[in-house]
Amino acid sequence: MIKKGIVMCIMNKKAGIMTDSGEFVYIKISKVFPKVGEIHTGELYNKSLFNYKYALTAASLMFILISSSFAQAYYSPVTTIVMSNPSVSLKANRWNKIISFKALNSNGSLILTNIKLKNKSIDDGLELLVKEAKAENFINDEYVNDKKIISIDIKGNKDNSIDISSFKNIIDSNNLNIIINASSSNNKKIDITVNNKKIDTSTLNRNSNKEASTNKNKDIKKDILKKPSVEINTKKTENKSSENKDNDKTIKSKDNKNKEDGTSEDKNSNNNSSTIRRTITSNEIKSNFQDNENKNVKISENHSYEIEEKDNTDKNSDDNKHPQTSDNAFNKFIKDFNN
Amino acid sequence: MNLKLLFHKNKKTISTLDEELSFNIDALISENRSNFIESNKGFIYSNTSKICKRHLIWENDEELSISLMAFNMACDKYDKTKGNFYGFSKIIIKNALIDFFRKNKNSTNLIFDNSKGIVDYIDGKNSINNFEIQIENKFRADEINLFSEELLKYKISFESLINLSPAHKDTRNNLLNVAFLCAREESILNHLKTKRRLPTKEIIILTSSNRKLIEKWRIYIISLILILINPEYVYLKSYLNIKEGELND
C-alpha cells in the first residue's frame with residue numbers, strides 16, 4: 001500500500017510519516033532520501049520484515065543443526081568389514097557407504113594406495129578391491145588353484161542390509177572361494193542381499209560367530225547365541241565339504257527356557273541335484289548335548305555350494321514353527337547361486 | 001503532429017490562465033483589500049464548503065464569516081517568504097475553521113477525509129513551484145521539531161507514536177472526535193498540561209466512550225490534542241484532512 005504524508009522522522013530504511021488521514025505509519029525509503037518536513041510518498045513499511053531477520057537466523061540455525069546431525073550420522077561407522085588376504089578393513093555408515101578404510105597387512109596397503117574407496121558403496125568397494133587385487137597379482141590362477149579362501153567378516157551394530165550383487169558377480173567370474181560371516185552385536189540384524197534377494201537373515205553374535213566360523217569343532221556354550229554362518233564356495237569344494245561333514249559340531253545348550261518344546265524334526269528334502277539335510281532338535285535334545293540345527297546343503301555341479309547353518313531355537317523360534325518355509329528360503333538361495 | 005499541436009494549445013491556455021490569476025502583491029494593501037476579497041469570494045466559498053462538506057449560504061452560515069476573517073488575516077500576515085499566497089490563505093482558513101469547530105459547543109462530528117485526487121480548479125491554477133515547496137518544507141520541519149520536543153515532555157517518541165497509532169478508519173475518526181471534545185474542555189487541557197497525562201475519568205464522562213479505547217490509544221489522543229490546541233502547528237494541522245462529517249456516522 002502506498003502512503004503519502006509529512007515525514008516526521010527518519011530511521012535506517014524507513015521514514016515515519018503522518019498522513020492526511022491522521023495515520024502515523026512507517027514507509028520504506030526508496031531511491032529518494034526524504035527530509036523531515038517533506039511530503040513523501042512510499043510503500044508501507046511491512047512489519048513482518050522485522051520477523052524476517054529472526055526467521056532467517058532461525059532457519060540458518062536449523063540448517064546448521066540438521067546438516068551437522070546428518071554429517072554426524074554419515075560419518076559414524078555402523079558396519080565394519082574385514083577382508084582377509086589381502087587384508088583390509090573397511091568401515092561403512094548406515095547407508096552402506098565406505099567412510100574409512102585401513103590396511104591390515106602390506107598387501108592390503110599396496111592395494112589401498114591405488115584405489116579410492118571413500119564414499120563408495122560396500123558392494124562397489126569390495127568389487128574394486130578384488131579387481132585391484134587381481135591387477136596387483138595377489139589373486140591369480142595360483143591363488144585359485146591353492147583353494148585359498150577370501151574371508152569377509154561383516155560386523156554391525158545396527159540393523160542393516162547389505163547388497164553385494166556386483167561383488168558376487170566378480171567372485172563368480174573369477175571362480176574364487178569366499179566365506180562371508182555376518183555378525184552383529186545387540187541382536188541386530190544384518191541382511192545380505194544379492195539381486196534384491198535375501199540370502200542370510202539372522203541375529204548374529206559377535207563373539208560366537210568367530211568361533212562358529214573358525215573353530216568349528218569347539219563346543220559352544222549355551223548362553224551364547226549361535227548364529228548361522230554361511231559359506232559360499234564358488235569353486236569345486238567336494239573335498240572340503242566332506243571335511244565339513246566330519247566337522248559338524250555338536251552344540252551344547254542348557255537353555256531351560258525352551259525345554260518345553262519337545263519336537264524334533266529331521267528333514268531330508270531332495271532337490272534335483274542337491275540334497276538338503278536338516279535337523280532341528282528341540283531344546284530337550286539340546287540339553288542332552290545334541291546338535292541344534294544342522295543344515296548341510298550339497299550341490300554337486302560345476303560349482304558346489306556348501307551351506308552350513310547352525311541355529312539356536314530360542315533365537316529363531318519361527319524356524320521351529322515353520323521349518324518348511326526356511327527350507328524354501330534355502331532352496332531359493334541355492335538356486336540363486338546356481339544362476 | 002496533431003497531438004503535439006494539441007499539447008501546445010493546452011500549454012498556451014494554461015499560461016494565459018496563470019497570467020490572469022497571477023498574484024499582485026499590491027492587491028494586499030489595505031486600500032485595495034475590499035476589492036481583492038470581493039474578487040476571491042469564490043475561492044473562500046469553495047474552500048469552506050469543502051471542509052464543511054455541505055452547501056453554504058453567505059447570509060446564514062457562520063463558517064463563511066469565519067473564513068472571510070481568516071482570509072483577511074492571511075492578507076495581513078502574508079509576506080513573500082511564505083510561498084504562494086493562495087496556499088497560505090487556504091491553510092489559514094482551514095485552521096480558523098478547525099479552531100471554530102473546536103470552540104463551538106454544539107459542533108458536529110468530524111472525520112479524517114480520505115478522498116484524494118480531486119484537484120481543485122484553483123489548485124491547478126496556483127501550481128506551486130519547487131522553491132515554494134522548499135519553503136513549505138522548511139516551515140513544516142520547524143513545526144515537527146517543535147512538536148517532537150513537546151511530545152518528549154509527555155514521554156512520547158515518534159517511534160512509540162507510530163507503533164501505537166490506529167490503522168482502522170473508524171477508530172481514527174472516533175479518536176479524532178474524542179480529541180476534539182477534549183481540546184475544547186479547559187479543565188482537561190489544564191490537567192494534561194500540568195500532570196502530563198490524560199484525565200481518563202473525565203474523558204469517559206465527557207465523550208461517553210470506552211475506557212479501553214482511551215487507554216489503548218492514549219499516545220495518539222495526546223498527540224492529536226497537542227496538534228489541535230497549539231496555534232503554532234499551522235502546517236501540521238492543515239495537512240490533516242479534517243472534515244465535518246454527518247452526525248449519524
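Predicted model: local features only at pLDDT ≥ 70, side-chain atom pairs only at ≥ 80, totals over all residues.
Chain B as a whole averages a pLDDT of 78, with 79% of the residues scoring at least 70.

**Confidence in the complex**
- For the complex, the predictor reports an ipTM of 0.71 alongside a pTM of 0.46.

**Where the chains meet**
- On the chain A side, 15 residues are in contact with 17 residues of chain B.
- Strands β1 (2–10) and β3 (24–28) of chain A each bring at least two residues to the side that touches chain B.
- By residue type, that side of chain A splits into seven nonpolar, four polar and four charged residues.

**The sheet in chain A**
- Chain A has an open sheet of four strands, running β3-β2-β1-β4, with antiparallel pairing.
- β3 and β4 (39–43) of chain A sit at the edges with a single partner strand each, so one side of each has no neighbour in the sheet.
- From one strand to the next, the twist averages 55°.
- Zooming in on one pair, β1(A) and β2 (residues 14–19) of chain A are joined in the antiparallel sense by five bridges.
- If you want a spot to look at in the viewer, Gly5(A) has Thr19(A) in β2(A) as its bridge partner.
- As background, strands of a sheet pair through backbone hydrogen bonds, either parallel or antiparallel.

Note on methods. Residues numbered from 1 in each chain as written. Chains lettered and ligands numbered in written order. Contact = placed C-beta atoms within 7 Å. Nonpolar A, V, L, I, M, F, W, Y, C, P; charged D, E, K, R; others polar. Pairing = 2+ DSSP bridges. Axes fitted to C-alpha atoms, helices over the stretch in contact; angles between N-to-C directions. pLDDT = per-residue confidence, 0-100.
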